[in-house]
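Please read through the model below, starting at the ligand and moving out to the domains.

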Amino acid sequence: MNWEYAPAPESRAIVDLQPSYGLFIDGEFVDPGDGSAFKTVNPATEEVLAEVAAAGPADVDRAVEAARRAQHETWGPMSGAERAKYLFRVARILQERSRELAVLESLDNGKPIRESRDIDVPLSAAYFFYYAGWADKLEYAGFGPSPQPIGVAGQIIPWNFPLLMAAWKLAPALAAGNTSVLKPAETTPLTALVLAEIFQEAGLPPGVVNVVTGAGATGAALVAHPGVAKIAFTGSTDVGKGIQRELAGTGKRLTLELGGKGANIVFEDAPLDQAIEGIVNGIYFNQGHVCCAGSRLLVQESIAELVVEKLKARLQTLRLGDPLDKNTDIGAINSPVQLEKITELAAAGVAEGAERWTSPCALPEHGFWFPPTIFTDVSPSHRIAREEIFGPVLSVLTFRTPEEAVMKANNTPYGLSAGIWTEKGSRILWMAQQLRAGVVWANTFNRFDPTSPFGGYRESGFGREGGRHGLEAYLDV
Ligand code: NAP
Ligand code: MG
């Protein structure tokens, strides 16, 4: 029996939405040079939330210049202990304003409030706390006796974890004495702008962080700017490859966090109910808009039927709908473009002969929605087994031996994440050594911690964010 839940919506009154937002340059909110703007919508309702300034090349230039000045005059020369005080202050204000940020993130992105409240916002604060602790200990980080900042970092982030990706990028860059020009994604600019307010509130010197909102062209202008010493990009593999081509030979440093097609591998001895929760968390968390999602389930043949049956039963209890409702498990798809991509790939799954099952949940009338979906009878050559769907769609494949599981898991151009479910410790260690993925989880999935490095290889990119390793990208060592 499924429980009927009474609506439990979080109030949006705590968010002070402004009708329009400017660019954050040199410590002030300013109008863009040519006055252009775009709208950001709530993907759960299609309601326009605000108009946001679109930065052109001249605005990006102003932002880079402000960041360069701040790096030379205030932030770079400042002692690590002083920089740490600012970062600790930012972390504390993030905690103080956590409810507001969670509601705003859910409004702008469509993710359930349960996730923005319990994951995105607290983790964002945790990354600032963590890197604040490193700011006065850089010479002990293992990168030589006197590591130096590299200058202005151009940081480009996607829409799936808007505030958290900003924190992942900014906290290590600032701790190491760099300054930043941050380019949020077009569909989710609002929490980065509140973060800019928080920097003002924390008294961060002007120019240390600049936020240039806009679409892909704004990001491209930032990549091309000669005053930027390093580009940190999180986004799609295609755009990442283009950036890498463009930066070749320029001497600018680059880290890329790109897509993935993670394997979640379940052995017959796994604690099944726990594994079911892990599979659900692996691919239906954040509507599957997760680069390290466990989008390919590899399940041992002997238990495949049972696992799929349990999974379907579990998915029918997930509640899809209003992201601001505290009972909601599955929120809205971030944009019509993303919905179209998911729909197209799911149709390809059917056309190529896989068996589709979709949770029978009612979809709201307005907004962008896709119900939790499972494909069985998937073969490794199917597009749904190879391409990143970035939506709540799971492809199930089977295996008989650990060797076959490893071979199938590694049969991808990506290399970001993998999960292993088994009671056998020696198998976990053996598998973790064989799997070509930057992160391997054992009997859990999608766990993040500021002390732990995260990143991929092959087409998932290079460089690490988080942990001591995450400092390296921002230090001249
Ligand atoms: P995307 O189109 O590559 O966009 C990422 C960011 O780059 C956005 O801010 C985007 O601006 C900007 N951008 C677009 N074209 C650009 C260009 N030519 N030059 C510079 N910047 C440009 O990716 P997305 O669709 O937003 O994000 C989904 C992808 O990100 C997925 O493939 C996912 O796997 C990956 N991702 C990876 C990680 C990781 O850590 N590995 C984490 C999260 C997401 P607009 O949004 O305004 O177009
Ligand atoms: Mg939006």
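A residue is near a molecule or strand if its C-beta atom, placed from the backbone, lies within 6 Å of it. The model is predicted: local features need pLDDT of at least 70 and side-chain atom pairs count only at pLDDT 80 or more, while totals for chains, interfaces and linings use all residues. Residues are numbered from 1 along each chain as its sequence is written, and chains are lettered from A and ligands numbered from 1 in the order in which they are written.

Ligand 1 is surrounded by 30 residues, the closest being Glu186, Gly216, Gly219, Gly235 and Cys291. The most comes from α7, with four residues. By class, the shell holds 14 nonpolar, 12 polar and four charged residues. Here Ala, Val, Leu, Ile, Met, Phe, Trp, Tyr, Cys and Pro count as nonpolar, Asp, Glu, Lys and Arg as charged, and the others, Gly among them, as polar.

The chain is divided into domain 1 (20-257 + 457-476) and domain 2 (263-442), with bounds from an automatic or database domain assignment. Each domain supplies at least three residues of the shell around ligand 1. The C-alpha centres of the two domains lie 30 Å apart.

Between the domains, 21 residues of domain 1 are in contact (C-beta atoms, placed from the backbone, within 7 Å) with 25 residues of domain 2. On the domain 1 side, α3 (98-109) and α4 (113-134) each supply at least two residues. That side has seven nonpolar, seven polar and seven charged residues.

Conventions: Contact = placed C-beta atoms within 7 Å.
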